[in-house]
Amino acid sequence: QVQLVESGGGLVQPGGSLRLSCVARGSIFKLYAMGWYRQAPGKQREWVASISSDGGTRVTESLRGRFTISTDNAKNTVALQIDNLKPEDTAVYYCNGGLATTVVSGYQTYWGQGTQVTVSS
(Lines give C-alpha, C1' and ligand atoms only; values in the text may rest on other atoms or scores of the structure.)
Protein backbone atom coordinates (compact mmCIF):
# COMPACT_ATOMS: atom_id res chain seq x y z
CA GLN A 1 0.00 0.00 0.00
CA VAL A 2 1.38 3.36 -1.05
CA GLN A 3 0.11 6.72 0.07
CA LEU A 4 1.07 10.20 -1.03
CA VAL A 5 0.42 12.76 1.67
CA GLU A 6 0.52 16.49 0.95
CA SER A 7 0.90 19.34 3.40
CA GLY A 8 1.57 23.05 3.41
CA GLY A 9 -1.52 24.54 1.82
CA GLY A 10 -3.43 27.45 3.26
CA LEU A 11 -4.66 30.99 2.84
CA VAL A 12 -2.06 33.46 1.59
CA GLN A 13 -2.20 37.09 0.52
CA PRO A 14 -1.23 38.01 -3.03
CA GLY A 15 2.52 38.33 -3.32
CA GLY A 16 3.14 35.84 -0.54
CA SER A 17 4.85 32.46 -0.67
CA LEU A 18 4.00 28.90 0.21
CA ARG A 19 5.93 25.66 0.31
CA LEU A 20 3.97 22.50 -0.38
CA SER A 21 5.38 19.12 0.60
CA CYS A 22 4.47 15.58 -0.32
CA VAL A 23 5.80 12.36 1.10
CA ALA A 24 5.35 8.94 -0.48
CA ARG A 25 4.82 6.33 2.20
CA GLY A 26 4.63 2.58 1.99
CA SER A 27 6.39 -0.20 0.18
CA ILE A 28 8.26 1.45 -2.68
CA PHE A 29 10.78 -0.43 -4.78
CA LYS A 30 11.65 2.44 -7.09
CA LEU A 31 10.41 6.00 -7.32
CA TYR A 32 10.68 7.18 -10.92
CA ALA A 33 9.25 10.66 -10.66
CA MET A 34 7.09 12.92 -8.58
CA GLY A 35 5.16 15.99 -9.48
CA TRP A 36 2.39 18.43 -8.81
CA TYR A 37 -0.92 19.14 -10.50
CA ARG A 38 -3.59 21.65 -9.58
CA GLN A 39 -7.29 22.04 -10.13
CA ALA A 40 -9.00 25.37 -9.83
CA PRO A 41 -12.75 25.64 -9.27
CA GLY A 42 -14.63 24.85 -12.45
CA LYS A 43 -11.48 23.92 -14.35
CA GLN A 44 -9.71 20.74 -15.36
CA ARG A 45 -6.73 19.45 -13.44
CA GLU A 46 -3.53 20.79 -14.95
CA TRP A 47 0.09 19.75 -14.69
CA VAL A 48 2.32 22.13 -12.74
CA ALA A 49 5.77 20.59 -12.36
CA SER A 50 7.66 17.30 -12.26
CA ILE A 51 10.99 16.00 -11.07
CA SER A 52 12.57 12.71 -12.02
CA SER A 53 14.70 10.42 -9.90
CA ASP A 54 17.86 11.79 -11.53
CA GLY A 55 16.90 15.31 -10.48
CA GLY A 56 15.68 16.57 -13.81
CA THR A 57 12.93 19.15 -13.39
CA ARG A 58 10.19 20.55 -15.57
CA VAL A 59 7.77 23.39 -14.81
CA THR A 60 4.86 24.45 -16.95
CA GLU A 61 6.02 27.44 -18.94
CA SER A 62 3.53 29.97 -17.62
CA LEU A 63 4.60 29.28 -14.03
CA ARG A 64 8.37 29.33 -14.44
CA GLY A 65 10.10 31.85 -12.25
CA ARG A 66 7.51 31.55 -9.50
CA PHE A 67 7.23 27.77 -9.03
CA THR A 68 10.19 25.63 -8.03
CA ILE A 69 10.11 21.87 -7.57
CA SER A 70 12.66 19.95 -5.52
CA THR A 71 13.03 16.52 -4.00
CA ASP A 72 14.73 14.54 -1.30
CA ASN A 73 15.02 11.11 -2.87
CA ALA A 74 16.28 9.55 0.33
CA LYS A 75 13.07 10.53 2.05
CA ASN A 76 10.71 10.03 -0.93
CA THR A 77 9.55 13.61 -0.69
CA VAL A 78 8.85 16.35 -3.17
CA ALA A 79 8.36 20.03 -2.47
CA LEU A 80 6.83 22.85 -4.46
CA GLN A 81 7.93 26.36 -3.60
CA ILE A 82 5.48 28.97 -4.84
CA ASP A 83 6.51 32.62 -4.75
CA ASN A 84 4.67 35.82 -5.65
CA LEU A 85 1.33 34.06 -5.34
CA LYS A 86 -1.54 35.37 -7.42
CA PRO A 87 -5.29 34.93 -6.96
CA GLU A 88 -5.32 32.74 -10.07
CA ASP A 89 -3.07 30.28 -8.26
CA THR A 90 -6.01 29.39 -6.05
CA ALA A 91 -6.61 25.69 -6.50
CA VAL A 92 -6.35 22.29 -4.92
CA TYR A 93 -2.80 21.09 -5.44
CA TYR A 94 -2.28 17.36 -5.92
CA CYS A 95 0.91 15.37 -5.54
CA ASN A 96 1.57 12.73 -8.16
CA GLY A 97 4.04 9.89 -8.04
CA GLY A 98 5.24 7.37 -10.61
CA LEU A 99 6.72 4.34 -8.92
CA ALA A 100 7.08 0.60 -8.71
CA THR A 101 6.16 -1.26 -5.55
CA THR A 102 8.11 -4.43 -6.45
CA VAL A 103 10.70 -5.46 -8.99
CA VAL A 104 7.94 -6.93 -11.19
CA SER A 105 5.03 -4.56 -10.51
CA GLY A 106 5.87 -2.10 -13.24
CA TYR A 107 5.22 1.60 -13.34
CA GLN A 108 2.17 2.75 -11.37
CA THR A 109 0.74 6.21 -10.76
CA TYR A 110 -0.42 7.38 -7.37
CA TRP A 111 -2.17 10.55 -6.25
CA GLY A 112 -2.38 12.40 -3.00
CA GLN A 113 -5.61 13.68 -1.54
CA GLY A 114 -4.84 17.28 -2.39
CA THR A 115 -4.11 20.41 -0.40
CA GLN A 116 -6.02 23.66 -0.79
CA VAL A 117 -4.17 26.84 -1.69
CA THR A 118 -6.20 30.04 -1.52
CA VAL A 119 -4.72 33.37 -2.54
CA SER A 120 -6.80 36.28 -1.36
CA SER A 121 -6.50 39.57 0.41
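Predicted model: local features only at pLDDT ≥ 70, side-chain atom pairs only at ≥ 80, totals over all residues.
Q: Where in the chain do Tyr32 and Tyr107 sit?
A: Tyr32 belongs to strand S4, which covers residues 30-39. Tyr107 is in the loop between S9 and strand S10 (108-111). They are 75 residues apart, so the pair links distant parts of the chain.

Q: What about Tyr107, buried or exposed?
A: Exposed, because its relative accessible area is 52% and the cut-off is over 50%.

Q: How many aromatic pairs turn up in the whole structure?
A: The search finds 2.

Q: Which strands do Tyr37 and Trp111 come from?
A: Tyr37 is in strand S4 and Trp111 is in strand S10.

Q: How accessible are Tyr37 and Trp111?
A: Tyr37 has a relative accessible area of 23% and is partly exposed. Trp111 is partly exposed too, at 37%.

Q: Changing topic: how many disulfides does the structure hold?
A: There is 1. Cys22 and Cys95 form it, and their sulfur atoms are 2.1 Å apart.

Q: Which parts of the chain does the Cys22 and Cys95 pair link?
A: Distant ones: Cys22 lies in strand S3 (residues 18-26), while Cys95 lies in strand S9 (residues 91-100). The two cysteines are 73 residues apart.

Q: Is the disulfide left-handed or right-handed, and why?
A: Left-handed, because the torsion about the S-S bond of Cys22 and Cys95 is about -80 degrees.

Q: Are those cysteines buried or exposed?
A: Cys22 has 1% relative accessibility, so it counts as buried. Cys95 is buried as well, at 0%.

Q: Let's zoom out. How many helices and strands are there in the protein chain?
A: The chain has 0 helices and 11 strands. From the N terminus on, the order of elements is simply β-β-β-β-β-β-β-β-β-β-β.

Q: How does the radius of gyration look for 121 residues?
A: It is 14 Å, close to the 14 Å from the globule rule, so the chain is as compact as a globular protein of that length. The C-alpha atoms fill a box of roughly 50 × 25 × 25 Å along the principal axes.

Q: What share of the residues is buried?
A: Buried residues account for 39% of the 121. The chain exposes about 6500 Å², and carbon and sulfur atoms supply 46% of that area.

Q: And what about contacts across the sequence?
A: Taking contacts with a separation of 6 or more, 57% are between residues 24 or more positions apart.

Q: Last one: where is confidence lowest and where is it highest?
A: Strand S7 (residues 67-72) is lowest, at a mean of 93, and strand S11 (residues 115-119) is highest, at 98. The chain averages a pLDDT of 95, and 100% of the residues score at least 70.

Conventions:
Residues numbered from 1 in each chain as written. Heavy atoms only, no water. Disulfide = S-S within 2.5 Å. Helix = DSSP H or I, 4+ residues; strand = E, 2+ residues; numbered from the N terminus. Buried < 20%, exposed > 50% of the residue type's maximum accessible area, 1.4 Å probe, protein only. pLDDT = per-residue confidence, 0-100. Rg over C-alpha atoms; globule rule 2.2 N^0.38 Å. Contact = heavy atoms within 4.5 Å. Areas by Shrake-Rupley, 256 points an atom, 1.4 Å probe, with all protein chains shown as cover. Phe/Tyr/Trp six-rings, centres within 6.5 Å; stacked < 30°, edge-to-face > 60°.
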